[in-house]
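Here is a short report on one protein model. Take a look at the structure first, then read on.

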Amino acid sequence: MLHFTLPTLPTLYSFRRCPYAMRARMALGSAGIACETVEVSLRAKPSELLAISPKGTVPVMQLMDGTVLEQSLDIMRWALAQNDPEGWLTAADENEMKRVIAQCDDVFKPLLDRYKYANRHPELLMEQHRSLAMDALQAMWNDASQPCTSESPYLFGLQASMVDVALFPFVRQFAAVDSVWFAAQPLPRLQAWLATWLASDLFTAIMKK
Ligand SMILES: N[C@@H](CCC(=O)N[C@@H](CS)C(=O)NCC(=O)O)C(=O)O
């Protein structure tokens, strides 16, 4: 006889250091959604993950009704639709938020990867890769923070939004490639913003081993 154990919590397939997984875990954390987290080895993805999501990227979330969310942004939106105590979904116009997040994922992230792995892209010097990534980061940052004053701590002003959380893990990576260089740049608001998220209880909680 076969015995099935029904899951009692949604399952999150995650990878601790993956920036997409980080943004998903932060939204789940803010929403206070309990889930069973499966830490995946990207070199040996579990067959249960590939069975529900053959594309083989993380994060992936399987809900109790069997629904599979295969994109970090879908996981964020689902989590915050359940519970959004910080008002991340409503802090700014939805289309504006989508636009800035798309700039991050489609423009900044590929340039960030070239800077991180500059030795794999010898057509340019590391400093040139960095400068292209920096331009994309600043364009995205200025775009989002246009209506803000210098006191506004978040991208869209006084309140954090989904955009801050969606961008933060990638900006963290950018800063970490050469933290001395990053700290020396004349970008006080961006540096303060990054420091705030890095020191947040939420980030600490989702990075716990
Ligand atoms: N668009 C996806 C991207 C996810 C993604 O690329 N995750 C990386 C890890 S950071 C991954 O799983 N890569 C597959 C691999 O390295 O085999 C999302 O937003 O969830």
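This is a predicted model: local features need pLDDT of at least 70, side-chain atom pairs count only at pLDDT 80 or more; totals for chains, interfaces and linings use all residues.

## The H4–H5 pair

On the H4 side they are Val100, Gln103, Cys104, Val107, Phe108, Leu111, Leu112, Arg114 and Tyr115. On the H5 side they are His129, Arg130, Leu132, Ala133, Ala136, Leu137, Met140, Asp143 and Ala144. By class, this contact has 13 nonpolar, 2 polar and 3 charged residues.

H4 covers residues 94–116, and H5 covers residues 126–145. Their axes come within 8 Å and cross at roughly 165°. Angles over 145 degrees count as roughly antiparallel, so that is how H4 and H5 run relative to each other. Their crossing is left-handed.

## The overall fold

The protein has 9 helices and 4 strands. What is their order from the N terminus on? The elements run β-α-β-α-β-β-α-α-α-α-α-α-α.

The radius of gyration is 18 Å, close to the 17 Å that the globule rule gives for 209 residues, so the protein is as compact as a globular protein of that length. Along the principal axes, the C-alpha atoms fill a box of roughly 65 × 40 × 30 Å.

## H1 beside H3

Helix H1 spans 19–31, and helix H3 spans 72–82. The two pack at an angle of about 5°, with their axes 8 Å apart. That angle makes H1 roughly parallel to H3.

From H1, the contact takes in Tyr20, Ala21, Arg23, Ala24, Ala27, Leu28 and Ala31. From H3, the partners are Ser72, Ile75, Met76, Ala79, Leu80 and Gln82. This contact has 10 nonpolar, 2 polar and 1 charged residues.

## H1 against H6

H1 also meets helix H6, residues 162–177. Here the axes come within 8 Å and cross at roughly 140°. That makes H1 oblique to H6. The crossing is right-handed.

H1 contributes Pro19, Met22, Arg23, Met26 and Ala27 to this contact. H6 contributes Val165, Ala166, Pro169, Phe170 and Gln173. The residues divide into 8 nonpolar, 1 polar and 1 charged.

## Around the ligand

Which residues surround the ligand? They are Phe15, Cys18, Pro19, Tyr20, Leu42, Gly56, Thr57, Val58, Pro59, Gln71, Ser72 and Leu73. Two helices, H1 and H3, are the elements that give two or more residues to this shell. The shell divides into 8 nonpolar, 4 polar and no charged residues.

## A cis bond at Pro59

Val58 and Pro59 are both in the ligand shell. A cis peptide bond joins them, with omega about 5°. Where does Pro59 sit? Its place is the loop between helix H2 (47–52) and strand E3 (60–62).

How values were computed
Residues are numbered from 1 along each chain as its sequence is written. A residue is near a molecule or strand if its C-beta atom, placed from the backbone, lies within 6 Å of it. Ala, Val, Leu, Ile, Met, Phe, Trp, Tyr, Cys and Pro count as nonpolar, Asp, Glu, Lys and Arg as charged, and the others, Gly among them, as polar. Axes are lines fitted to C-alpha atoms, for helices over the stretch in contact, and angles run from 0 to 180 degrees between N-to-C directions. Angles under 35 degrees count as roughly parallel, over 145 as roughly antiparallel, 65 to 115 as roughly perpendicular and the rest as oblique. A crossing is left-handed if the near helix is turned anticlockwise from the far one by less than a right angle, and right-handed if clockwise. Two residues are in contact if their C-beta atoms, placed from the backbone, lie within 7 Å. The radius of gyration is taken over C-alpha atoms; the globule rule is 2.2 Å times the number of residues to the power 0.38.
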